[in-house]
Amino acid sequence: MTALSQQRGATLIVSMIMLIVITVLVAYSIRAGNTNLRIAGNMQRQAEASMAAQQAIEQVIEQIKTVDNITLIPAQNISVSNAGASYAVATNSLGAVGACILEVPVANDQLNPSNADDVPCFQSQDADKAISSSGTVTATPSACKQQYWEIRATAGDASGGSGVQHTQVQGITMRVNATVNCP
């Protein structure tokens with residue numbers, strides 16, 4: 001009978017150990033699930049901020065289409081609502097140094113007379129000549145230049161609660177009169 005009474009105590013101890021192991025596994029699973037939920041939420045807010053920055057860049061590009069002098073477009077703070085969240089988006093000033101990253105003269109032989117955008121470039125020639133490394137004139141420049149601009153937009157959560165911040169940069173190219181210079 002002594003062996004039977006010793007077994008009853010062992011069953012209780014084994015049951016308690018199993019209960020503790022199961023409790024620890026459940027607690028770990030809940031914590032891992034909460035962590036994954038936070039990661040997914042952060043990724044969603046980051047994607048929404050990226051879309052808000054892109055929307056602000058598109059608004060700046062629309063403004064570029066309506067002005068004669070791109071350097072007059074100031075830095076802007078644009079409020080963008082996206083998927084129920086509001087984002088404050090700051091864009092760079094296109095008149096600032098560094099916004100225009102490159103300008104290249106357009107040679108007459110690169111123009112197409114049947115293209116309406118190229119026609120003003122035929123009206124007169126630029127006084128600057130394109131010169132090769134050997135010192136010879138390579139082509140006669142037209143009255144136009146090709147400029148490459150960088151638009152930068154930084155989107156942050158307007159409520160400031162999530163701490164999400166996303167910077168997006170987009171380059172554009174545009175043909176301008178040869179007298180227009182990068183700032």
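What follows is a short briefing on the chain, arranged by topic.

This is a predicted model, in which local features need pLDDT of at least 70 and side-chain atom pairs count only at pLDDT 80 or more, while totals for chains, interfaces and linings use all residues. Residues are numbered from 1 along each chain as its sequence is written, and side-chain values use heavy atoms, with hydrogens and water left out.

**The chain as a whole**

- The secondary structure comes to one helix and seven strands, where helices (H or I, at least four residues) and strands (E, at least two) are DSSP runs numbered from the N terminus.
- Read from the N terminus on, the elements follow the order α-β-β-β-β-β-β-β.
- Of the 183 residues, 27% count as buried; buried means under 20% relative accessible area, exposed means over 50%, and partly exposed lies in between (1.4 Å probe, protein chains only).
- The chain exposes about 11800 Å², of which carbon and sulfur atoms supply 58%, with accessible areas taken from the Shrake-Rupley method with a 1.4 Å probe and, for residues, only the protein chains shown counting as cover.
- Among contacts (heavy atoms within 4.5 Å) between residues at least 6 apart in sequence, 63% join residues at least 24 apart.

**An exposed residue in the helix**

- Leu25 has its place in helix H1, which covers residues 2–66, and it counts as exposed because its relative accessibility is 52%.

- Strand E1 (residues 76–82) has a covered face made of Gln76, Ile78, Val80 and Asn82, and an uncovered face made of Asn77, Ser79 and Ser81.
- E1 pairs with strand E2 (residues 85–91) in the antiparallel sense over seven bridges, where two strands pair if DSSP finds at least two bridges between them.
- Within this pairing, Gln76 stands opposite Thr91 in E2.
- The hairpin has two residues between the strands, and Ala83 takes a positive phi near 55 degrees there.

- Gln147 is found in strand E6, residues 141–157, and it counts as buried because its relative accessibility is 0%.
- Its side chain makes a polar contact with the side chain of Trp149 at 3.2 Å; a polar contact is a pair of N or O atoms within 3.5 Å, and within protein one must be able to donate a hydrogen and the other to accept it, while residues adjacent in sequence count only if both atoms are side-chain atoms.
- Leaving aside neighbours within four places in sequence, the residues in contact with Gln147 include Cys100, Leu102, Ile172, Met174 and Cys182.
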